[in-house]
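Trainee: I would like to learn how to read a few features of a structure. Could you take me through them one at a time?

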Amino acid sequence: MGTVPPRRRVHRLPGPAARVGGPGSGGSLAGSRRASRDRPGPEPERTEEPMDHSRRNLPQLLGEGRRWFEEALLAALAAAGAVPVSPTQAQLFSVLDEEGTTVAELARRMGVTRQTAHQAVHGLVAAGLLEQTPDPASARQRLIRRTAEGTRVHARAEEVLAALEERLAERIGAEAVAALRAALETPWGPPPAPDGGQGPAG
């Protein structure tokens with residue numbers, strides 16, 4: 001008799017359920033679903049709360065108050081037929097001494113560069129409101145002072161500002177206006193030194 005040939009071993013590939021489930025899943029899709037449920041999901045995005053800009057700082061408030069007076073003053077002067085001027089020119093007009101002031105001093109009082117002060121002066125000179133005269137204290141400098149027309153416009157501006165202050169008192173109260181004036185007329189002392197430097201005495 002002939003020999004019986006050995007049986008061939010057939011290696012069966014795992015079915016779809018076994019491949020998906022993997023060890024410990026019971027060989028079914030249910031294990032995969034449970035595993036996906038157990039994995040932590042993405043963290044929700046954090047939204048930052050917007051900053052509260054409702055409280056404006058004091059320099060902003062002072063600037064808005066100044067613009068309130070400037071806009072009303074320029075509008076009143078324009079209605080009266082005066083030569084139109086810019087806010088910078090109006091500011092220069094207000095810090096000018098009766099006997100005249102140098103451009104360098106005007107720039108310091110206004111808190112602007114000499115170039116800005118020069119431009120404002122040239123515009124007012126061209127409009128006939130200012131003039132340049134020799135400085136008795138220095139032959140190298142010239143004084144800026146008002147012309148006769150400039151003096152008239154300045155007097156009218158002072159009247160308008162006084163009326164605006166009364167109008168403001170009607171709106172916010174005379175006591176509030178008086179307190180505001182008292183606070184601004186009180187000496188503040190020199191600006192504080194930067195951090196790490198020597199601060200103001202006292």
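Trainee: Let's start with the charged pairs. Which side chain does Glu131 meet in a salt bridge?

Mentor: The general idea is that side chains of opposite charge can pair when their charged atoms come close. The cut-off used is a side-chain nitrogen of Lys or Arg within 4 Å of a carboxyl oxygen of Asp or Glu. Here Glu131 pairs with Arg145, at 3.0 Å from N to O. Glu131 belongs to strand E1 (residues 130-135) and Arg145 to strand E2, so the bridge ties together parts 14 residues apart in sequence. Helices (H or I, at least four residues) and strands (E, at least two) are DSSP runs, numbered from the N terminus.

Mentor: A word on the source: this is a predicted model, where local features need pLDDT of at least 70 and side-chain atom pairs count only at pLDDT 80 or more, while totals for chains, interfaces and linings use all residues. Residues are numbered from 1 along each chain as its sequence is written, and side-chain values use heavy atoms, with hydrogens and water left out.

Trainee: Is Glu131 buried, partly exposed or exposed?

Mentor: Buried means under 20% relative accessible area, exposed over 50%, and partly exposed in between (1.4 Å probe, protein chains only). Glu131, at 30%, is partly exposed, and Arg145, at 33%, is partly exposed too.

Trainee: How many salt bridges does the structure hold?

Mentor: There are 12. One of them joins Glu98 and Arg146, at 3.2 Å from N to O. Glu98 sits in the loop between H4 and H5 and Arg146 in strand E2 (residues 138-146), so this pair links parts 48 residues apart in sequence. Glu98 is exposed at 59%, whereas Arg146 is buried at 9%.

Trainee: What separates Arg167 and Glu170 in helix H7?

Mentor: About one helical turn, because they are three residues apart in that helix. Their closest N and O atoms are 3.9 Å apart, in a salt bridge. Arg167 is partly exposed at 46% and Glu170 is exposed at 64%. Elsewhere, salt bridges that share partners join Asp97, Glu105, Arg108 and Arg109 into one network.

Trainee: How do I read the packing of H7 and H8?

Mentor: Two packed helices are described by the angle between their axes and the distance between the axes. Axes are lines fitted to C-alpha atoms, for helices over the stretch in contact, with angles from 0 to 180 degrees between N-to-C directions. For H7 (residues 148-172) and H8 (residues 174-185), the axes come within 6 Å and cross at roughly 120 degrees. The two helices are therefore oblique to each other; under 35 degrees is roughly parallel, over 145 roughly antiparallel, 65 to 115 roughly perpendicular and the rest oblique. H7 contributes Glu165, Leu168, Ala169 and Ile172, and H8 contributes Ala174, Ala176, Val177 and Arg181.

Trainee: Which residues touch the most other members of the largest nonpolar core?

Mentor: In soluble globular proteins, nonpolar side chains tend to be buried together. A nonpolar core is a set of buried Ala, Val, Leu, Ile, Met, Phe, Trp, Tyr and Cys residues joined through side-chain atoms within 4.5 Å. Of the 15 residues in this one, they are Leu92, Leu106, Val121, Leu124, Leu130 and Ile144. Helices H4 (87-94), H5 (103-110) and H6 (114-126) each give two or more residues.

Technical notes: Contact means heavy atoms within 4.5 Å.
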